[in-house]
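The sequence and structure are shown first.

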Number of protein chains: 2
Amino acid sequence: MKDQNPAPRITTGPLPASRKVWHPGEQHPDIRVPMREIDLHPSAMEPPVTVYDSSGPYSDPEVQIDIAAGLSRLREGWITARSDVERYDGRAVKPEDNGFVSGDRLTPQFPLQHRPLRARGTRAVTQMAYARAGIVTPEMEFVAIRENLGRRAAKEKLIRDGNDWGAAIPDHVTPEFVRREVASGRAVIPANINHPEIEPMIIGRNFLVKINANIGNSAVTSSMEEEVEKMVWATRWGADTVMDLSTGRNIHNIRDWIIRNSPVPIGTVPIYQALEKVNGIAEDLSWEVFRDTLIEQAEQGVDYFTIHAGVRLPFIHLTAERVTGIVSRGGSIMAKWCLHHHRESFLYEHFDEICDIMRAYDVSFSLGDGLRPGSIADANDAAQFAELETLGELTQIAWAKDCQVMIEGPGHVPMHKIKENMDKQLRHCGEAPFYTLGPLTTDIAPGYDHITSAIGAAMIGWFGTAMLCYVTPKEHLGLPDRDDVKTGVITYKIAAHAADLAKGHPASKIRDDALSRARFEFRWEDQFNLSLDPETARDFHDQTLPKEAHKVAHFCSMCGPKFCSMKISHDIRAEARAKGMEEMADKYREGGDLYMPVAE
Amino acid sequence: MKDQNPAPRITTGPLPASRKVWHPGEQHPDIRVPMREIDLHPSAMEPPVTVYDSSGPYSDPEVQIDIAAGLSRLREGWITARSDVERYDGRAVKPEDNGFVSGDRLTPQFPLQHRPLRARGTRAVTQMAYARAGIVTPEMEFVAIRENLGRRAAKEKLIRDGNDWGAAIPDHVTPEFVRREVASGRAVIPANINHPEIEPMIIGRNFLVKINANIGNSAVTSSMEEEVEKMVWATRWGADTVMDLSTGRNIHNIRDWIIRNSPVPIGTVPIYQALEKVNGIAEDLSWEVFRDTLIEQAEQGVDYFTIHAGVRLPFIHLTAERVTGIVSRGGSIMAKWCLHHHRESFLYEHFDEICDIMRAYDVSFSLGDGLRPGSIADANDAAQFAELETLGELTQIAWAKDCQVMIEGPGHVPMHKIKENMDKQLRHCGEAPFYTLGPLTTDIAPGYDHITSAIGAAMIGWFGTAMLCYVTPKEHLGLPDRDDVKTGVITYKIAAHAADLAKGHPASKIRDDALSRARFEFRWEDQFNLSLDPETARDFHDQTLPKEAHKVAHFCSMCGPKFCSMKISHDIRAEARAKGMEEMADKYREGGDLYMPVAE
């Protein structure tokens, strides 16, 4: 493969002014938690700003990337050290796994095929099981360090500023806090034992808000580099997890390439592949083909499965008079199956067996919202909430099996109906992490649905949603290209960060303050480097003031040198400090003799 | 001028599938209120969708546009019929009005110089004065019809869906309702008697949320067509008012070209021009030069003035320890002046005289927030709220003089501090309309501040802000180009519309529902035409599915023909209607015999 494509198009290298640093564990000294430090100009006399780093080894200049070798398997020792798993001969790849393609049209198999791991006997090898057993795993310590963004525990209580709507965000995240959150089900660490390449991350209401980016193969191309690059590109800009929503041909082999090269958890919707295996005919689906697909993907290392087990037969008629019916692909497939057979969903009926598979590999549930509203008109309706209550029932069943669970949420919801979604989710689903798509706050802006949905995403993130699934500008219209993916990821980083700020996450404001100080002090390079998208910030600046000298100028393009409000503020500050302005100003306070109320 | 540029670059013509329609007045039969009707495909069997139209005659194919002649002066008769104004020889244009340029560098004067109008004697010729006198002006009936979007009053009470946070949005806006709102100060109709070209619009918490776009001359160009085109372009996409923030040379003459061609109210910040007249030296400003500028601009027809009279000397020291000091240009100019002279602001001291000018021309106040926060760190601080309370005092003084008043608001505010801004504004400023810039909900995304701010704008619009000042992607970085202006306007139309939906404005959901029905029925052309930006929606669709046939296809690019959730929903609906699905489903409801709880 490398011979055919000697220059793989994988984006590597650090972001501007950024270095990767590692924080070691204490309970588990071998763990190294990556963070990104952004260096500031020496004139700032400020330490580097540490930010969360989802980009994996691709941004590390020390690492030689070879996608045919995959990433290093950093968790392998942690997993095997627990002595509760066994290697076995996995399920053989079948022709239908790749859509019956062969020869030139078949994407080559990933070169290194590892024998899969599974739990010994009927054990649960989930992070939840360990947490409940009182064990702080390396994964738990890893995410604890990661969430603190390099801050050490302060002896004194931090001054907190935010409204967390009843969450319980600690001043400092300890491994024990992580353990308790995972044990209670309030957080998940998606980490399939067959995906040892991931740098663990946590999804929960009491942690930083995460974002997911969707990728998928396209009919035009099935190059492995292109598919891997989509994942690398999304994580470079901040995607915390990636869902592979591929359909059609080559999906088994492409998924292998993605997982073996992914530093972030990978999610899928297994019913998509199951449907491919029955030639796209929903009514031909069966528990057997679905089960086979779960095993196939669990062995590959998929970290979470979207499973639409809440789309029950009795709820389907509730969608008949909706403006936009069922808009979830998985939901509509199951609805079609249920109606055709006039039977209850096989996902619902076999949920217990699904749990047995999930716990044997530590695949987390993402209980799908197959009946989510696809328009403002359908928001918060009976179908949606009937399904949500069912997801709550299923959560209890999964938790009883020590399975990790997230709950998927809408969709299209006007602002005044967003909080009800969060409140009902918390109530019905026992505080299992909520994972929402947007929600879009209006239907009238196709082409801008990253924005219609960022409004809803920021709000529901503030209210307690743990992970936000991105929406790109192409939503409803077409397939996102590279620029759309970046725009979607940056937009959702904005929403997630705005939510963290509003929740009062103790580390979240550091970057805002550093950037604002840079702005006030005309450190243009620092402003670019501290921003979510340094390239675009620099490019926009240079369109108006292209000269290098302008990047150290004490003015900007908005006002020009004669008329700069920031400059005047500097003068004010200097004057205040020199003259003791406060004393001067006291003379002029209201009630002083200078103020003459104007005659009426 | 037309000889030099035979093809002026003014964008004209209707949007796709759109016709301009006029609704006549009843009390004032000569008024014709423009709206845009979007025709749907005949297969929809739906009436056209009526939407608000801010684009003026430029989108009317029947109108011959000649920017050297200006728009027709539709309000002239209404104004003179009130018999309370007089024509007089206006202030002569002075060399400093255009920055002392001459010859080739001087933008030509607008060809038709009308003698200005002003109030006779000391009368107030404001919409507020008429409203308080019980008069329903043509302007009031005009906006009443406009706000209803062509709906007629329903006999039965509408089913309302929204949370208006204590606003009082009527089912149907009557001219008398408008009069009461204007009389109380809860709404303003910016309408200088010297700007008879405008199509009146209203700004208030109980009406549709409005948006403002800023334009300004650039150093590179001073072509009249370009400046007029900026205004036309912004209003084409939905700007309800336009602020001309020009500085430097030619600003008097350029302003004339803009106003004479503008169908929307024009706002300015007069202190910017006053500063030009004193060569950019803030301490050389005086009441006399400011007063002269107010008269100059009032005679030209500026509809509202931003006046930073709340930046009082005793408040300035409150900004000294801020992260970003004073970020308002007007605020920093006044702070500089106050500190230099160690005197109270001349705007504050002469506020009564300013009111006398405003009432003689019906220029509305936009009381500037010169101390607004420029960073998350500075949000809701003592300086900001001290100024807000002062703006409340000034509002009472202005109202006592029958002047119309809006209050400007921030700025940079994290989500959890937004509502406090709205609550304090309502309390301190007697429900005068709030007019906010964003607010931006995080500082870390330069290049995407249209999005960081759309989140805050949608929320504060929902809470009660009456007009949202747009932010473009170039905010903090450079000067917006044509694409940035469009992106900013569309983004803010999204925020305003999301707010209208959440407030439960009775006409707001019609367009969402029509677009969602079009989506469900695969009427692609209708989806494009109903969207805020039909060009972009179509372009994005065509990037993936370019063929004409795909625009009538019953599938889309996301899933393809085999795998379409919308199509499955249609099948479900058909089946439901054919078989009486509800009865079928009853058998399977929870508790029915098919549901077997899974064993634990």
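**Interface of the chains**

In this predicted model, 131 residues of chain A and 131 residues of chain B take part in the contact. The size of an interface is often expressed as the accessible area that is lost when the parts come together. Here the area buried between chain A and chain B is about 11300 Å², and carbon and sulfur atoms give 66% of that area.

The polar part of the interface can be described by pair counts. Between chain A and chain B, 18 residue pairs are in polar contact, both residues being at pLDDT 80 or more. On the side of chain A that touches chain B, the largest share comes from helix H20 (residues 565–579) of chain A, with eleven residues. Two salt bridges are found across the interface of chain A and chain B. Asp161(A) and Lys417(B) meet through their side chains in a salt bridge, with an N to O distance of 2.8 Å.

**Charges over rings**

**Aromatic pairs**

Over all chains, the structure holds 26 aromatic pairs. One of them joins Trp165(B) and Phe463(B) in an edge-to-face arrangement, at 5.3 Å centre to centre and with 85° between the planes. This pair links distant parts of the chain, 298 residues apart: Trp165(B) lies in the loop between helix H3 (138–147) and helix H4 (175–184) of chain B, and Phe463(B) in helix H15 (residues 449–463) of chain B. Trp165(B) counts as partly exposed because its relative accessibility is 33%, whereas Phe463(B) is buried, with a relative accessible area of 7%. In chain A, one aromatic cluster is formed by Trp287(A), Phe290(A), Trp337(A) and Phe346(A).

**Surroundings of Glu408(B)**

Glu408(B) belongs to strand E13 (residues 405–409) of chain B. Its relative accessible area is 11%, so Glu408(B) is classed as buried. Leaving aside neighbours within four places in sequence, the residues in contact with Glu408(B) include Ser366(B), Leu367(B), Gly368(B), Asp369(B) and Phe434(B). Thr306(B) is also in contact with Glu408(B), and the two side chains make a polar contact of 2.5 Å. Asn163(B), by contrast, is 245 residues from Glu408(B) in sequence and 24 Å from it in space, C-alpha to C-alpha.

Technical notes:
Residues are numbered from 1 along each chain as its sequence is written. Chains are lettered from A and ligands numbered from 1 in the order in which they are written. This is a predicted model: local features need pLDDT of at least 70, side-chain atom pairs count only at pLDDT 80 or more; totals for chains, interfaces and linings use all residues. Side-chain values use heavy atoms; hydrogens and water are left out. Rings of Phe, Tyr and Trp (its six-membered ring) pair if their centres lie within 6.5 Å; planes under 30 degrees apart count as stacked, over 60 as edge-to-face and the rest as tilted. Helices (H or I, at least four residues) and strands (E, at least two) are DSSP runs, numbered from the N terminus. Buried means under 20% relative accessible area, exposed over 50%, partly exposed in between (1.4 Å probe, protein chains only). Contact means heavy atoms within 4.5 Å. Buried area is the accessible area (1.4 Å probe) that two parts lose on being put together, summed over both. A salt bridge is a side-chain nitrogen of Lys or Arg within 4 Å of a carboxyl oxygen of Asp or Glu. A polar contact is a pair of N or O atoms within 3.5 Å; within protein, one must be able to donate a hydrogen and the other to accept it, and residues adjacent in sequence count only if both atoms are side-chain atoms.
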